[in-house]
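Subject: Structure handover

Hello,

Here is the structure for your set. Please load it before reading on.

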Amino acid sequence: MTCRHYFTLPWDPRATDGSTWPEGGAMLIRLGKFDYLLAGSGVVIDFKTPTEKQQELQKTLGEDGFAEAGGNTSQKTNKQFNGKRLGLLSVDEVSIADDGSMQYLRRHNGDQTHQGRHARIGVGEWKILHIKLYEY
């Protein structure tokens, strides 16, 4: 997994306006092999298998966070991916009841997960996310 500050996402104008980034932080609790709780503020997290991380592309990104048209890309290894990948099965915003049970609040869809690329909690927001992964 890779955890980063929310302002590393390129679309928030506060990330590049010259101001000091506010503190962000989170706690990630593993509930099971592909089951996690993320609690905090101002964070972005993505999950990759070790094989996937070793073979990921290093891309030149434009200001919108997507690969620049005609931009340079380079690979660390060969072009064919070998191995397993991890994907986001679901990201649900939850609360924890007094008895310790999780209470479902809402599901984060493609708009909130960047089409399944990461789970995130914005700066100034405090949330608990229940993240389920799958391997393919």
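This is a predicted model: local features need pLDDT of at least 70, side-chain atom pairs count only at pLDDT 80 or more; totals for chains, interfaces and linings use all residues.

Residues are numbered from 1 along each chain as its sequence is written, and side-chain values use heavy atoms, with hydrogens and water left out.

Aromatic pairs

The whole structure holds four aromatic pairs. Rings of Phe, Tyr and Trp (for Trp, the six-membered ring) pair if their centres lie within 6.5 Å; planes under 30 degrees apart count as stacked, over 60 as edge-to-face and the rest as tilted.

One of the pairs is Phe7 with Trp21. This pair is edge-to-face, at 5.7 Å centre to centre and 85 degrees between the planes. Phe7 and Trp21 both lie in the loop between β1 (2-5) and β2 (25-32), so their pair ties together parts that are 14 residues apart in sequence. Strands (E, at least two residues) and helices (H or I, at least four) are DSSP runs, numbered from the N terminus. Phe7 is buried at 5% relative accessibility, whereas Trp21 is partly exposed at 35%. Buried means under 20% relative accessible area, exposed over 50%, and partly exposed in between (1.4 Å probe, protein chains only). Ring pairs also join Tyr6, Phe7 and Trp21 into a cluster.

Tyr36 and Phe47 make a tilted pair, because their planes stand at 35 degrees, with ring centres 5.1 Å apart. Tyr36 sits in strand β3 (residues 35-41) and Phe47 in the loop between β4 (43-46) and α1 (50-55), so this pair ties together parts 11 residues apart in sequence. Tyr36 is buried at 10%. Phe47 is buried too, at 9%.

The sheet

An open sheet of three strands runs in the order β1-β4-β9, with antiparallel pairing. Its edge strands are β1 and β9 (119-121), each pairing on one side only. Two strands pair if DSSP finds at least two bridges between them. β4 and β9 share three bridges, in the antiparallel sense. Val44 has Arg120 in β9 as its bridge partner.

A loop glycine

Gly83 lies in the loop between β6 (73-75) and β7 (86-96). Is Gly83 buried or exposed? Gly83 is exposed, with a relative accessible area of 54%. Its C-alpha atom is 8.7 Å from that of Thr49, 34 residues apart along the chain.

Best wishes
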